[in-house]
Amino acid sequence: MNHQSTNQTKKKFPHSCTKKELYAMYILDIPEYRARIYINEIIKEMTGYTNGPVMHIRHITPKQLKEFVDTYGLPRNYEL
């Protein structure tokens with residue numbers, strides 16, 4: 001019997017990150033293009049940003065990251 005998944009050390013989930021880091025963490029769970037849509041929607045909603053796309057915003061605040069995790073769950077191989 002293979003117990004590799006139960007013995008694997010989980011990585012500590014960060015308190016904040018960049019969008020690029022977020023995509024890398026969720027690559028096994030959410031396609032990158034969907035993660036982009038989801039995080040951009042959260043950024044727009046939480047900041048009230050109405051001046052076009054938020055693609056130029058690269059850093060995700062702790063509150064935005066928490067909202068993402070609350071909505072989509074922790075990525076595989078990570079723990080709080």
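Reply: Gladly; here is what the labels rest on, one question at a time. This is a predicted model, in which local features need pLDDT of at least 70, side-chain atom pairs count only at pLDDT 80 or more, and totals for chains, interfaces and linings use all residues. Residues are numbered from 1 along each chain as its sequence is written, and side-chain values use heavy atoms, with hydrogens and water left out.

Me: Why is Glu-45 called exposed, and what is Glu-41 called?

Reply: Buried means under 20% relative accessible area, exposed over 50%, and partly exposed in between, with a 1.4 Å probe and protein chains only. Glu-45 has 63% relative accessibility, so it counts as exposed. Glu-41 has a relative accessible area of 47%, and is therefore partly exposed. Both belong to helix 3: Glu-41 and Glu-45.

Me: What makes you say that the buried residues of helix 3 share a side?

Reply: The buried residues are Ala-35, Ile-39, Asn-40, Ile-42 and Ile-43. They cover an arc of only 160° around the axis, which puts them on the same side of helix 3; the arc is that of the directions from the helix axis to the C-beta atoms. The face turned away from that side carries the exposed residues Tyr-33 and Glu-45. In general, an α-helix has 3.6 residues a turn, so residues three or four places apart point the same way.

Me: Which residues of helix 2 are buried, and how do you know where they lie around the axis?

Reply: In helix 2, the buried ones are Lys-19, Leu-22, Tyr-23, Met-25 and Tyr-26. Their arc around the axis is only 165°, which puts them on the same side of helix 2. Lys-20 and Ala-24, on the other side, are exposed.

Me: Why are helix 2 and helix 3 called oblique?

Reply: Angles run from 0 to 180 degrees between N-to-C directions, with axes fitted to C-alpha atoms over the stretch in contact. Under 35 degrees counts as roughly parallel, over 145 as roughly antiparallel, 65 to 115 as roughly perpendicular, and the rest as oblique. Helix 2 and helix 3 pack at about 130°, with their axes 10 Å apart, and are therefore oblique to each other. The contact (heavy atoms within 4.5 Å) is made by Lys-19, Leu-22 and Tyr-23 of helix 2 and, among others, Ala-35, Ile-39 and Ile-43 of helix 3.

Me: What makes the phi of Asn-77 worth a look?

Reply: Asn-77 has a phi near 70°, a positive value in a residue other than glycine. Most residues other than glycine have a negative phi. Asn-77 lies in the loop between helix 4 and strand 4, and with a relative accessible area of 28% Asn-77 is partly exposed.

Conventions: Helix = DSSP H or I, 4+ residues; strand = E, 2+ residues; numbered from the N terminus.
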